[in-house]
Amino acid sequence: MTEETISEGDDVLLYVKEHKTYMIRVEAGNSFHTHKGYVTHDDIIGKPYGSTVISSLGFEFRILKPMLRDYIMKSARQTQITYPKDIALITMASGIGPGSRVIEAGTGTGALTMALAFYVRPKGKVFSYEMRAPFLDVAEKNLRRAKLWKNVKLKNKDITEGIDESQVDAVILDLATPWLVVPHAHKALKPSGTIVSFSPTVDQIVNTAEALNDYGYVDIETIECLMRGMQVERGRTRPQTLMTAHTGYITSARKIMSVKLEDSQVRRTQ
Ligand SMILES: C[S@@+](CC[C@H](N)C(=O)[O-])C[C@H]1O[C@@H](n2cnc3c(N)ncnc32)[C@H](O)[C@@H]1O
């Protein structure tokens, strides 16, 4: 196992205790202050990830290497973000991977964009549409911080007016009116490509499923992911009392090429 030593300019996740973490970029001469005391960045530089620094008040701060999930959860937020549990299912349903060309809307904070960029690296591209221009600046900062910027093109455009790209592998939506994007997605997608839409309300998923049916998509499915944490302690292990009961529904479908069948053929294929 090779250790990775921390250099100036690296990001570190300081794990203070369960559910209390801080992400900082290490800069010589700086210090990081918390209610459990401060640590100097010089104490962190040169140490391997996985080691420990002691704060000025004597608390142990574990130094972890930030993961995609940390960049998402620590992003500077300006909208509701898509949470890791939903992102995991969205990316799986989308079928994207290294080299994929992906359309996304709306960008919002860029949390989902980060994950899409992460999975299409090193050569794929995410074209992310956002109609509110000021949001794009913060999304860009979040993407640059996570070193995922070069796989993303942010576009200040209302996606219900059309998609500029064609032959894309997936269209991924988190916006108020996904059903209005279904016709544009149909034009932009490769045959067999996927559309995945995240919506918080039932009315949205009904409208979206109907539009997908109208355009002849197949494998149309809607799921909801409920994640319940466990309190694990011998003799007292049980579900945690509190959980996030609802985030949203994930609707996915795949495009097929339109076929013009004679009446007799239609009966035989049913
Ligand atoms: C819930 S936020 C998306 C959050 C994002 N998934 C994330 O993880 O950060 C919805 C975003 O969609 C944008 N939006 C809504 N309708 C749109 C449209 N027709 N075209 C482009 N963006 C749109 C909104 O401005 C908002 O920023």
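Q: Which elements each supply at least two residues of the lining of the largest pocket?
A: These are β1, α2 (68-73) and α3 (84-94). The model is predicted, so local features need pLDDT of at least 70 and side-chain atom pairs pLDDT 80 or more, while totals for chains, interfaces and linings use all residues. Residues are numbered from 1 along each chain as its sequence is written, and side-chain values use heavy atoms, with hydrogens and water left out.

Q: What makes the space of about 990 Å³ a pocket?
A: The largest pocket holds about 990 Å³. Its 28 lining residues include H19, R69, M73, P84 and M227, the closest to its centre. On a 1 Å grid over the protein atoms alone, a pocket is an open set of points with protein on both sides within 12 Å along at least five of seven lines, and a lining residue has an atom within 4 Å of a point. The largest share of this lining, five residues, comes from α2.

Q: How do the residues of the lining of the largest pocket divide?
A: There are 15 nonpolar, six polar and seven charged residues. Nonpolar covers Ala, Val, Leu, Ile, Met, Phe, Trp, Tyr, Cys and Pro; charged covers Asp, Glu, Lys and Arg; the others, Gly among them, are polar.

Q: What lines the second largest pocket?
A: Its lining has 32 residues, and G106, E130, D174, L175 and A176 lie nearest the centre. Two or more residues each come from β7 (101-105) and α4 (111-120). By class, the lining has 13 nonpolar, twelve polar and seven charged residues. The space amounts to about 580 Å³.

Q: How do you know that β1 and β2 pair?
A: Pairing requires at least two bridges found by DSSP. Strand β1 (residues 11-17) and β2 have six, in the antiparallel sense, so they pair by that criterion. K20 of β2 is the bridge partner of K17.

Q: In which order do the strands of the open sheet run?
A: The four strands stand in the order β2-β1-β6-β5, with antiparallel pairing. β2 (20-25) and β5 (52-54) are the edge strands, since each pairs on one side only.

Q: Why is T34 called buried?
A: The relative accessible area of T34 is 17%, and buried means under 20%, exposed over 50% and partly exposed in between, with a 1.4 Å probe and protein chains only. T34 therefore counts as buried. This residue is found in strand β3 (residues 31-34). Its side chain reaches the backbone nitrogen of K36 at 2.9 Å and the backbone oxygen of G37 at 2.9 Å.

Q: Why does K147 count as exposed?
A: Its relative accessibility is 57%, so K147 falls in the exposed class. K147 lies in the loop between α5 (133-145) and β9 (152-155), and has a positive phi of about 55° although it is not a glycine.

Q: What makes D219 exposed?
A: A relative accessible area of 55% puts D219 in that class. D219 lies in strand β12 (residues 218-224) and has a positive phi of about 55° without being a glycine.

Conventions. On a 1 Å grid over the protein atoms alone, a cavity is a set of points where a 1.4 Å probe fits but cannot get out, and a pocket is an open set with protein on both sides within 12 Å along at least five of seven lines; lining residues have an atom within 4 Å of a point. Grid points are joined across faces, edges and corners, and a volume is the space filled by probe spheres set on the points. A polar contact is a pair of N or O atoms within 3.5 Å; within protein, one must be able to donate a hydrogen and the other to accept it, and residues adjacent in sequence count only if both atoms are side-chain atoms.
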